[in-house]
Amino acid sequence: MIRDEFDGIAREHSSQIESVRRESMSSGTDDDGGHCSAPDSDGEVAEEIGIVSFGRKMETANEIKSGLEDRYETIDIIEYHGDVFEEHWGEYDCFVGLMASGIAMRKTAHLLDDKWEDPAIVVVDEELTWAIPITGGHHGANQVAGDLATMGAVPAMTTASEAAGKQGVESRAKAMDAHVVNGDSTVQTNLAVLDDNLGPVARLEGPRAVLVGDDVTVLKRNSDDGVVIGTGSVSGARKDAFLAAWEEALSRTEYDFDDVEFIGTATRKEDEPGLLEAAQELDLGVVSFDKETLLAHEGPTPSKSKELIGWPGVSEASAIAGGREQELLLEKTSYENEVTVAIGR
């Protein structure tokens with residue numbers, strides 16, 4: 001049994017955006033919102049964006065496109081008309097409405113059907129002051145609002161888990177490059193998140209059959225291979241040091257950043273700004289493991305932290321704990337006495 005704590009997605013202001021941008025669904029206690037439509041590969045993240053704008057606001061629409069286009073597969077600008085949402089419904093994972101929220105709500109309400117199938121919707125004002133997810137908060141809207149925060153907008157996230165400073169199970173899945181198999185279960189499991197009562201995440205390898213109840217969310221990895229970067233650091237380690245350390249470690253293997261599933265670390269390191277900024281720059285999730293989990297997956301390299309504070313070496317233990325095979329590919333390496341890295345699969 002592995003208790004995984006997952007680091008943040010698009011927090012309350014651009015200066016606080018600490019981590020990777022993949023958000024997911026809420027339940028009746030969160031929002032009633034939808035989710036990215038057919039173009040979305042797993043139903044929890046926005047990849048194709050349609051910016052719907054009045055003609056007089058096209059300058060801002062182009063600004064948004066320029067600011068975000070390197071983060072998405074597609075960003076199109078569509079001029080507003082009365083039936084614009086109906087005409088393009090199903091073509092995009094998320095609509096960014098450069099308009100009043102009331103207009104977006106009135107023009108899309110009759111189109112909403114299922115939060116696992118509907119596109120997410122975010123509205124933003126012309127001055128890029130606010131980015132407001134109105135449907136699909138956990139299905140791409142929070143993600144897009146978080147990205148708009150890097151342009152100065154304040155994301156007004158109202159999903160219950162984010163309002164409480166917590167992450168729903170879908171956000172946790174995205175951090176691990178996984179997706180939710182049984183969407184209806186998240187009603188109960190997200191309530192458990194709010195009550196701090198979700199319990200540990202169990203890793204089960206097959207072949208085997210698993211029988212679960214309605215209050216058990218099943219997560220399935222999106223890929224059959226890939227590696228995990230386990231990392232530790234001194235307090236205050238720089239973003240550039242993390243990036244350089246990870247790149248150097250990967251160069252000693254046959255893998256590159258495209259093969260990395262997520263970054264693993266310890267809960268005591270989960271708030272390191274440099275680590276979170278580096279992960280965000282690479283669009284990678286951060287998974288933080290508790291002390292008990294890391295002790296159960298301790299690596300071969302001796303660590304002074306074990307003697308001093310009882311924690312095993314973070315980089316090797318988190319690389320092993322996070323890997324599908326729980327196999328260490330690269331033992332701990334150190335970068336400028338600032339960052340340690342190990343690679344597992």
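I looked up Arg 71 and found this residue partly exposed, at a relative accessible area of 26%. My scale is this: buried means under 20% relative accessible area, exposed means over 50%, and partly exposed lies in between (1.4 Å probe, protein chains only). This is a predicted model, where local features need pLDDT of at least 70, side-chain atom pairs count only at pLDDT 80 or more, and totals for chains, interfaces and linings use all residues. Residues are numbered from 1 along each chain as its sequence is written, and side-chain values use heavy atoms, with hydrogens and water left out.

**Salt bridges**

I next checked the partner of Arg 71. Its side chain meets that of Asp 147 in a salt bridge, 2.9 Å from N to O. The pair links distant parts of the chain, 76 residues apart. Asp 147 sits in helix α4 (residues 141-149), and Arg 71 in the loop between α1 (58-68) and β3 (74-79). Asp 147 is buried, with a relative accessible area of 2%. The rule I used for a salt bridge asks for a side-chain nitrogen of Lys or Arg within 4 Å of a carboxyl oxygen of Asp or Glu. Helices (H or I, at least four residues) and strands (E, at least two) are DSSP runs, numbered from the N terminus.

How many salt bridges does the rule give? The count comes to six.

I noted Arg 252 with Glu 248, where the closest N and O atoms are 3.4 Å apart. Arg 252 counts as exposed at 51% relative accessibility. Glu 248 is partly exposed at 31%.

I then looked at Arg 345 and Glu 327, a salt bridge with its closest N and O atoms 3.1 Å apart. Arg 345 lies in the segment after β14 (339-344) and Glu 327 in the loop between α12 (314-322) and β13 (328-335), so the pair ties together parts 18 residues apart in sequence. Arg 345 is partly exposed at 30%, and Glu 327 is partly exposed at 34%.

I also found a network of salt bridges that links Arg 238, Glu 336 and Glu 338.

**The sheet**

I traced an open sheet of six strands, in the order β3-β2-β4-β5-β6-β7, with mixed pairing. Two strands pair if DSSP finds at least two bridges between them. Which strands stand at the edges? They are β3 and β7 (154-155), each with a single partner strand, so one side of each is left without a neighbour in the sheet.

I followed β5 (residues 120-124) into β6 (residues 130-135): the two run antiparallel and are joined by four bridges. Ile 121 has Thr 135 in β6 as its bridge partner. Five residues lie between the strands of this hairpin, and Leu 128 there takes a positive phi near 55°. Strands β6 and β7 run parallel, joined by two bridges. Ala 131 stands opposite Pro 155 in β7.

**A surface patch**

I found a nonpolar surface patch of about 440 Å², made by Val 181, Leu 204, Val 210, Val 212, Val 216 and Val 218. Patch residues have over 30% relative accessible area and no salt bridge; like charges are joined within 9 Å, nonpolar side chains (Val, Leu, Ile, Met, Phe, Trp, Tyr) within 5 Å. Val 216 is in the loop between α7 (186-194) and β9 (219-221). Val 216 is partly exposed, at 35% relative accessible area.

Terms used
Accessible areas come from the Shrake-Rupley method with a 1.4 Å probe; for residues, only the protein chains shown count as cover.
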